[in-house]
Amino acid sequence: MTAPGVLPLVPWPTAVERRDAPPLAVAAVRVTGDDVPAALVAELLEPVGVTVLAATGAGADAVTLDLRLDPAAGPAGADSPERYTLAVGPERVEARAAEPVGLLHAVRTLRQLVTRPALDAGTAAVTGAAPTVPAVVVHDAPRYAWRGLSFDVVRHWFGPADVRAVVDLAGAYKLRVLHLHLTDDQGWRIEIPSRPALTERSGGTQVGGAVPAGQRGYLTVEEYRDLQAYAAARHVTIVPEVDLPGHTNAATHAYGELTPDGAPTDAYGGTEVGFSRLWADVPATEPFLRDVLGDLARMTDGPWLHVGGDEAPKVEPAEYAAIMELAQRIVREHGKTPVAWQEAARAAVEPGTVLQFWDPHVDDAAAAVFARAAEAGARFVASPGSRAYLDMKYAPGHPLGLEWAGHVEVRDAYDWDPATAVPGVPADAVVGVAGAVWTETLTTRDELFSMLLPRLPALAEAGWSAAEARDWEAFAARLAGQAPVWRALGWAFHPSPQVPW
Ligand code: TNX
């Protein structure tokens, strides 16, 4: 329930001014401006009780929601392409933004401002009271450009409908990147036309055995294309990951030529890590990498390809570096920028390579390796397991999740500074924040969402809001104000005792 006087905005904007005007009734809005499709505005606002009319449609008593591009939008001096201004009242709503993504952010902010008595009372009953929006002016721009979520669709298969729901959730909190972990020991989740056995032999397996009857267990080329288009319409970029050179049992099960003796490995339905690998000197390895990364680069609209690199204890350091450097070279040859887990800092990196910091158990030697990679031009995304791993249990005894990085309560996910999170790395080499959700223990959309909510909004604020604006007590109150919308959308969440619901 939203406490009186609290504006339930997450992430907290750069500047919020209240206008001396009564709340604006928004039972219906008429969208003017062409940079956000009215259907997308409707998708966001109708679940909170606002009827959305296209510019020319019927309906006389609608409030105008005017969306226009304007380079002067946003906080004074902000140069982020995502900057926007949202002005509510006295009679209409105006959104101004440098680019269309900012207009969509403005509509997302507007949705969080809608107060609807029936919703806030936590009932489905329609009371007849019109939704209103307080008269405010918001000027806003993000702290970091890379705000993302890494989502494991391998350990348990989550198909296109679930991924679209995750895009909606990520978008609602203004995230821009959805990284899909598509290959691992237990399965291969993306059709690769030049290597059909990957999905024919490894597409239908997952932790515990087979994907549920009636499900294919992987994205076809067409489904992947459609998913990227769905995400792009919401200004979310899909980053696909092929995990190398460890986490590769699904590949060696499909193509025995990838092993030294040429024999395929057995399918794997457990949850151990670290046993599988590729070999730099097996002749089939390089053609395999060229085929897989080449096809995936051609199929991918966004600028990035993630080549994994985590947890390959069986691969000697020189061989590890050779495989990771080859993978990154291939990615660059296809015009994409490589992303890799933190371990890849041990191999040579090119300027612009994105390294994802995940394992906080690092010593000084590892910090020095990160420092060298940053000097060589690598950029870091902060996903420290103790903060950003949304597959960790909230607390001891939580029915879902793992514990290797500790317990991650909502406050843990909130109260940290990405700028100082990566040991050895200067603040200006950190480009953002990503949550990560691994699915060893998660099998349904509700289980998945109960791990993402309410922690993903905490990470979203860590990535968006200025360091000096961060305040746990204020955040917890604003977070509580999100729950009515989650209920209206059917998004499961964990009612953490840290939040004044
Ligand atoms: C570590 S995070 C892994 C994953 C597991 C995860 C479980 C990372 C790069 N590797 O393979 O699923 O822990 O929390």
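## Around the ligand

Welcome to this predicted model. Of the 13 residues around the ligand, those that come nearest are Arg-155, Tyr-389, Asp-391, Trp-404 and Glu-440; a residue is near a molecule if one of its heavy atoms lies within 4 Å of it. By class, the shell has seven nonpolar, one polar and five charged residues. Here Ala, Val, Leu, Ile, Met, Phe, Trp, Tyr, Cys and Pro count as nonpolar, Asp, Glu, Lys and Arg as charged, and the others, Gly among them, as polar.

One from Arg-155 lies 2.8 Å from a ligand oxygen atom, and one from Asp-391 lies 2.7 Å from an oxygen atom of the ligand. The protein covers 97% of the 360 Å² of accessible area that the ligand has on its own (Shrake-Rupley method, 1.4 Å probe).

## How to read the model

Residues are numbered from 1 along each chain as its sequence is written, and side-chain values use heavy atoms, with hydrogens and water left out. As this is a predicted model, local features need pLDDT of at least 70 and side-chain atom pairs count only at pLDDT 80 or more, while totals for chains, interfaces and linings use all residues.

## Arg-234 in its loop

Arg-234 sits in the loop that runs between helix H6 (221-233) and strand E14 (237-244). Helices (H or I, at least four residues) and strands (E, at least two) are DSSP runs, numbered from the N terminus. Arg-234 counts as buried because its relative accessibility is 11%; buried means under 20% relative accessible area, exposed over 50%, and partly exposed in between (1.4 Å probe, protein chains only).

The side chain of Arg-234 reaches the backbone oxygen of Tyr-230 at 2.8 Å. Leaving aside neighbours within four places in sequence, Arg-234 is in contact (heavy atoms within 4.5 Å) with residues including Leu-40, Glu-43 and Asp-168.

Just after H9, Gly-335 takes a positive phi of about 80°.

Key:
Polar contact = N/O pair within 3.5 Å; in protein donor to acceptor, adjacent residues only side chain to side chain.
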